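Please keep the sequence and the 3D view at hand while reading.

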Amino acid sequence: MSESNILYEKDGHLAIVTINRPESLNCFDYPTLKLLEETLEEIQVDREVRAVIFTGAGNKAFSAGADLKERRTLNEQQVRRNVRKIREVFNKVEQLPQPTIAAMNGYAFGGGFELALACDFRYAVSGTKMGLTEVSLAIIPGAGGTQRLTRLIGPSKAKELILTARKITSEEAYEYGILNGVTEPETLMDACKKLADEIMENAPLAVIQAKYAINYGSEVDMQTGLAIESKAYEVIIPTKDRLEALQAFAEKRKPNYKGE
């Protein structure tokens, strides 16, 4: 693990990415976004990584979003640069082939909430607050929030939360269907790792292709989605893991998947 604004460690096949600016509530300034982007590019091509957890340092915030202290010093061109970069970086989170889990250990506002929305799964500690609060600052969510939240909970509920800049508790977020679970602070990482372990027991290439089919199939009509699913299935047929699954079933043992 390196000491920087982004910490990256691997625990077996699990990658853990930590936003490491607790003194700034893990806000994103431009250098932090660049470091996160570099980390994502490393994970993207690492075949040993089968699941990824994103979290924040400390016990106050997952991320409170953009660094407004930095933002006050930027000219319009630099603001556009930062908004473009955070959008690109969160797109890369969403496009990771491995399943991703947001371990929301505290506040998640603005860009912090948008990072969580870019993940496949979200767990948060009880009693914390989150929301897309940008309109209260005379801007709008610019890193995918208007699109990802709408696809997750529907346009009416998304408008209610975004247009009011409402801050909701993790329990309310669970009721909205935003979170997969709510835990106590001391069990948050255990819950996320348990989900990651369940996923990583399965064939990694099959998991990747299933995620791909869901992500891209959900954006198109049914017939196109079925065609995407069919192509994803074709990728799996020649794999060694598929044959290993059949052999393990015949031998009544647990399969040994290698991602091949």
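Phe 28 and Phe 90 are both buried in this predicted model. The two residues form an aromatic pair with an edge-to-face arrangement, 5.6 Å from centre to centre and with 75 degrees between the planes. Phe 28 belongs to the loop between strand 2 and helix 1 (30–44), while Phe 90 belongs to helix 3 (residues 76–95), so the pair ties together parts that lie 62 residues apart in sequence.

**Aromatic rings and charges**

- The structure holds three aromatic pairs, and the pair of Phe 28 and Phe 90 is one of them.
- A further pair is made by Tyr 107 and Phe 109, which is stacked because the ring centres are 5.6 Å apart and the planes stand at 20 degrees; planes under 30 degrees apart count as stacked.
- Tyr 107 is partly exposed, with a relative accessible area of 37%.
- Phe 109 has a relative accessibility of 12% and therefore counts as buried, since the limit for buried is under 20%.
- Lys 167 lies over the face of Phe 109, at 5.0 Å from the ring centre.
- Arg 81 places its charged end over the ring of Tyr 30, 3.8 Å from the centre of that ring.

**Cavities**

- Three cavities of 30 Å³ or more are found in the structure.
- The largest cavity contains about 50 Å³ of space.
- Its lining includes Phe 28, Asp 29, Tyr 30 and Leu 33, and also among the lining residues are Ala 66, Asp 67, Glu 70, Arg 71, Asn 82 and Ile 86.
- Helix 1, helix 2 (68–71) and helix 3 are the elements that give two or more residues to the lining of the largest cavity.

- Six strands make up an open sheet in the order 1-2-3-5-7-10, and their pairing is mixed.
- Strand 1 and strand 10 (181–183) stand at the edges with a single partner strand each, so one side of each has no neighbour in the sheet.
- On average, neighbouring strands of this sheet are turned by 20 degrees against each other, with direction ignored.
- Strand 1 (residues 6–11) and strand 2 (residues 14–19) run antiparallel and are joined by six bridges.
- Within this pairing, Asp 11 has Leu 14 of strand 2 as its bridge partner.
- Two residues separate strand 1 from strand 2 in a hairpin, and Gly 12 in the turn has a positive phi of about 65 degrees.
- Strand 5 (residues 100–104) pairs with strand 7 (residues 121–125) in the parallel sense, over four bridges.
- Met 104 stands opposite Ala 124 of strand 7.

- Most residues other than glycine have a negative phi.
- Ala 138 has a positive phi near 65 degrees and lies in the loop between strand 8 (129–131) and helix 5 (145–153).
- With a relative accessible area of 73%, Ala 138 is exposed, as the limit for exposed is over 50%.
- Lys 252 is not a glycine either, yet its phi is positive at about 55 degrees.
- Lys 252 is found in the segment after helix 11 (240–251), and its relative accessible area of 80% makes this residue exposed.

Methods
Residues are numbered from 1 along each chain as its sequence is written. This is a predicted model: local features need pLDDT of at least 70, side-chain atom pairs count only at pLDDT 80 or more; totals for chains, interfaces and linings use all residues. Side-chain values use heavy atoms; hydrogens and water are left out. Two strands pair if DSSP finds at least two bridges between them. Axes are lines fitted to C-alpha atoms, for helices over the stretch in contact, and angles run from 0 to 180 degrees between N-to-C directions. Rings of Phe, Tyr and Trp (its six-membered ring) pair if their centres lie within 6.5 Å; planes under 30 degrees apart count as stacked, over 60 as edge-to-face and the rest as tilted. Buried means under 20% relative accessible area, exposed over 50%, partly exposed in between (1.4 Å probe, protein chains only). A charge sits over a ring if NZ of Lys or CZ of Arg is within 6 Å of the ring centre and within 35 degrees of the ring normal. On a 1 Å grid over the protein atoms alone, a cavity is a set of points where a 1.4 Å probe fits but cannot get out, and a pocket is an open set with protein on both sides within 12 Å along at least five of seven lines; lining residues have an atom within 4 Å of a point. Grid points are joined across faces, edges and corners, and a volume is the space filled by probe spheres set on the points.
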